[in-house]
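Trainee: Could we go through this one together? I'd like to start with the ligand.
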Amino acid sequence: MTDNSGEGFMEALQDDSVAVVLPAAGSGQRFGAETNKLFANLAGVPLWLHAAARLGSRREVERVVISVSPSDLGCFQDQLRQSAVNCNVEFVIGGRERSDSVLAALKTLGSDSAIQWVAVHDAARPLVSDDELSNVFGEVPRTGAAILSTPISGTVKRALAGRQGCETIDRRHLWVALTPQVFSLGLLKQAYGKHNGRPATDDAQLVERLGHQVTLVQGSAENLKITFPEDLLLAEAILARKSKNVAN
Ligand code: C5P
């Protein structure tokens with residue numbers, strides 16, 4: 001965790017130096033809908049467009065690349081056309097695993113010399129805030145790798161392998177990884193170059209395997225990933241509270 005003491009050289013990210021990668025090619029089976037959960041309506045807007053619009057409107061962001069499955073492409077394009085979002089959104093075809101989808105997006109960035117940073121963000125996290133984005137973008141120049149995360153609040157148990165019972169894990173140093181996860185483009189390409197299909201549940205894990213330090217930046221538990229239908233109800237309630245606060 002960064003100490004935020006202001007020590008060290010912190011150079012702000014330049015305008016238009018970031019490419020956002022939004023993996024959106026999952027099946028969303030746990031959500032239980034017939035179509036991709038990302039097409040669900042949240043406060044009158046398709047779920048995925050919340051994150052695309054918030055990230056795409058940042059001064060640091062030049063490109064927004066979304067990995068989608070071939071069968072969903074038409075619907076994403078229709079929803080974008082019908083929306084008021086006017087950031088540059090590019091679609092690419094994703095893959096079987098989330099990491100395949102991120103890699104497909106990285107390949108389209110190719111050798112775009114304007115892009116120095118990549119922010120990978122789950123399309124299923126619609127509530128990321130501008131403050132969180134400012135914090136993680138502010139930290140990433142320090143090490144070249146910074147991710148939003150939140151301390152674990154519950155007690156964590158590990159089931160004992162091969163027998164009944166469990167043990168308690170010391171939670172003081174445990175954090176839950178959120179997104180965006182922001183990296184220098186060269187570092188993330190290098191990490192994916194060494195991936196070789198070994199399972200990884202987020203992009204930071206691939207960077208850690210290089211032996212490179214990843215900075216944890218505290219985010220909000222409200223930056224939740226929509227997985228189950230009840231998550232959507234919670235997101236509606238959080239959005240309603242936020243817009244009430246703005247109105248008052
Ligand atoms: O399934 P889960 O919600 O954990 O996926 C996280 C994000 O990764 C989602 O936005 C999902 O659409 C995306 N994903 C992807 N390609 C896959 C699997 C998941 O882009 N093969």
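Mentor: The ligand takes up the space of the largest pocket, a pocket being an open set of points on a 1 Å grid over the protein atoms alone, with protein on both sides within 12 Å along at least five of seven lines. This is a predicted model, where local features need pLDDT of at least 70, side-chain atom pairs count only at pLDDT 80 or more, and totals for chains, interfaces and linings use all residues. Residues are numbered from 1 along each chain as its sequence is written, and side-chain values use heavy atoms, with hydrogens and water left out.

Trainee: How many residues surround the ligand?
Mentor: There are 16, with Pro23, Ala25, Arg96, Ser101 and Lys225 the closest, counting residues that have a heavy atom within 4 Å. The shell divides into 6 nonpolar, 3 polar and 7 charged residues.

Trainee: Which polar side-chain atom lies 2.8 Å from a ligand oxygen?
Mentor: That atom belongs to Lys225, while a backbone N or O atom of Ala25 lies 2.7 Å from an oxygen atom of the ligand. For Gly95, a polar backbone atom is 2.9 Å from a ligand nitrogen.

Trainee: Switching topic, how many disulfides are there?
Mentor: The count is 0, taking a disulfide as a pair of cysteine sulfur atoms within 2.5 Å.

Trainee: And why does Cys75 count as partly exposed?
Mentor: Because its relative accessibility is 30%, and partly exposed lies between buried, under 20%, and exposed, over 50% (1.4 Å probe, protein chains only). Cys166, at 48%, also counts as partly exposed.

Methods:
A polar contact is a pair of N or O atoms within 3.5 Å; within protein, one must be able to donate a hydrogen and the other to accept it, and residues adjacent in sequence count only if both atoms are side-chain atoms. On a 1 Å grid over the protein atoms alone, a cavity is a set of points where a 1.4 Å probe fits but cannot get out, and a pocket is an open set with protein on both sides within 12 Å along at least five of seven lines; lining residues have an atom within 4 Å of a point. A molecule sits in a cavity or pocket if more than half of its atoms lie within 2 Å of its grid points. Ala, Val, Leu, Ile, Met, Phe, Trp, Tyr, Cys and Pro count as nonpolar, Asp, Glu, Lys and Arg as charged, and the others, Gly among them, as polar.
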